Amino acid sequence: MPKIENLQIRLPFREEFHVKNWLPDETFYSLCGRIHQVSGVIDSAVTCQRLFGHRLQGVQHDIPSRLNHFVERTSGVFGSAEEILQMHSILAFHFFLKPSEVRSTICRSLAEGGVGSAKYQLGLLSSRFRAHHPLRLCPQCAVLDREEFGVCYWHLSHQYPGVWFCDRHGCVLKEADAKANGVGRFLWFLPDYVSSYRVGDEKVVPGRTERLKLLAEIVSAIATCGMSMAISEISALYAERAKDLLGVGVVRPRLDLLAQEFAEFIRPLAGIEEFQYFSEEYFDIPRYLGCFLSGVRAPKHVLHHALMIGFLFGGWNSFLDKVSRGHSLEVQVESQSEIDDRHSSDSRKYHPKKERALLLLLEGSRSISAIAHEMKVDIGTMQAWAAQAGKEVRRRPKSLQSGVRRAIVEELKVGKEKRVVANDFGVSEQAITRLLRTEIGLHQQWCDARLDLEIARRKEVWESLLAKNPTLSMSELRKLEPAHYAWLYRNEKTWLRASASSISRPVRNYVKEGLWEERDLKLSALIGSVILQIVQADRGKERVTLQDVYRARPEIRPMLSQLDKLPRTRKVLLSIGKKRTRKKGLFDDAD
């Protein structure tokens, strides 16, 4: 057999395979998967050796490597190494904020060798998003591909980070259980050969479809636009846009208001694993936004910036229009301490464009639309400036007639969510936002009412926790509800300290716990339960492998790094792979 493999490797490419062309929107990994399928070779390592000169390197599904060997092996039929990286991998998306010299270095490294430090240079390892990229599939695209091309393949537009929506068919993508969690890491998969898929959080969340669609459009535009921007340039755009939205010259003093808007923007993404960072207990939204607006420690991962573009500009076209007007201003980089020192500074500093616009408005000789056109700002921004200055402007209502408008204003004054109000009155959320910005004093009233409601809700949760656990200390209560404690500590510290006086502190004898022993008990029980679930789901299965366990619960893999301290877990793992016919085996209870 080895002699046959070596003979096949020396054959000319056209005599060895029958795949000669790319399919529309196909990834490089998908092309190699088709080559592997039609070659008739069972061992994936053999195909990898043929194409890349190595039995393991080159099989990555997200960022290709060893492409010079592939180009030489295929006589350049599928393009150069750089063309493959730019047009048939997700690398073009990650290049958006990278200078040309960094791009060249990464491309040269991937063409000549393995992935190496490429993911680190791209900012993936410290991004708060996953450094790996799961394979995704649109079920309707799969059906059409089988009919038209006779094979189902991986579409590049579905593989970009943050894309969970197929704009062609208007449906949510499915995630393959292979490759991303380590199962089948060195195998070639086409969609029809993946054992199972998952949709993730299948709850019906208001606004989620619209938010996923918006994000998919922005990510796809970033990947295909060919633009390259510096962090300082894009941060300056963010800062200018935030000033326009808030109608101020300095954003930092009113950053909490912007943070409330961002919390509403990302709310529909809650429950999606890729965006779980935004649901963590100690996620500080004001600080997060401050990094973008100041240019100090701004995240490198482009998906963060895709979210920010969607939040501040509402879409890619609006952002592109801002760039095309030549508003790429140099941002003045400040230290974090300087930013924090300015937190309480006056928010009404001189804003020349705003001051000039208001002067023209007060003169009364020109319409608000004419002034907005001259100052090159959105009409909505001009209306917001007028409202902040206490100047009533004439409106041309589209979806909000006078009676409906008054009713919506009353609902907003008591702090109702924009999404709820929009649903109640059958209007868009954008219309509610526009009303908040253009009605004099309404936005501040709404924010104050929302804050009062949030304070009341947080206090109620904490008081309920105190009532249920009267003997626990403050530190123990904090562990039960860390998010509520942190919020109350920042916003209602005096009340929180007063609540601590009601806590009784009985004398307790503390005993040092055996952490490793407790961890061993929990992990061995977890693995045992997973094995039983697998057996119960397939009673004809003769043995359960470790890969079956990883596939069912991917989070178990990193827990096994210290097996020498986990004797019970080791014992359970040793039983994996043994046939179920063994007497008193691990699986006997499942039969």
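## A pair of helices

Y288, L289 and F292 in helix α14 meet H304, H305 and M308 in helix α15; contact means heavy atoms within 4.5 Å. By class, this contact has four nonpolar, two polar and no charged residues. Ala, Val, Leu, Ile, Met, Phe, Trp, Tyr, Cys and Pro count here as nonpolar, Asp, Glu, Lys and Arg as charged, and the others, Gly among them, as polar.

The axes of α14 (residues 285-294) and α15 (residues 302-313) come within 12 Å and cross at roughly 95 degrees. That makes α14 roughly perpendicular to α15, a term for angles of 65 to 115 degrees. Axes are lines fitted to C-alpha atoms over the stretch in contact, with angles from 0 to 180 degrees between N-to-C directions. Helices (H or I, at least four residues) and strands (E, at least two) are DSSP runs, numbered from the N terminus.

## Basis of the description

The model is predicted: local features need pLDDT of at least 70, side-chain atom pairs count only at pLDDT 80 or more, and totals for chains, interfaces and linings use all residues. Residues are numbered from 1 along each chain as its sequence is written, and side-chain values use heavy atoms, leaving out hydrogens and water.

## Nonpolar cores

A nonpolar core is a set of buried Ala, Val, Leu, Ile, Met, Phe, Trp, Tyr and Cys residues joined through side-chain atoms within 4.5 Å. Buried means under 20% relative accessible area, exposed over 50%, and partly exposed in between (1.4 Å probe, protein chains only). The largest core has 61 residues, and F262, F275, F278 and F319 have the most contacts inside it. Among the elements giving two or more residues to this core are β2 (165-166), α11 (208-225), α14 and α15.

Leaving aside neighbours within four places in sequence, F275 is in contact with residues including F129, W164, L215 and L307. Another core, of 38 residues, lies apart from the largest one and includes L31 and W188.

## Salt bridges

A salt bridge is a side-chain nitrogen of Lys or Arg within 4 Å of a carboxyl oxygen of Asp or Glu; the count comes to 18. In one of them, the closest N and O atoms of E261 and K418 are 2.7 Å apart. E261 lies in α13 and K418 in α22 (residues 418-425), so the pair ties together parts 157 residues apart in sequence. E261 is buried at 16% relative accessibility, as is K418 at 4%.

How values were computed:
Parallel < 35°, antiparallel > 145°, perpendicular 65-115°, else oblique.
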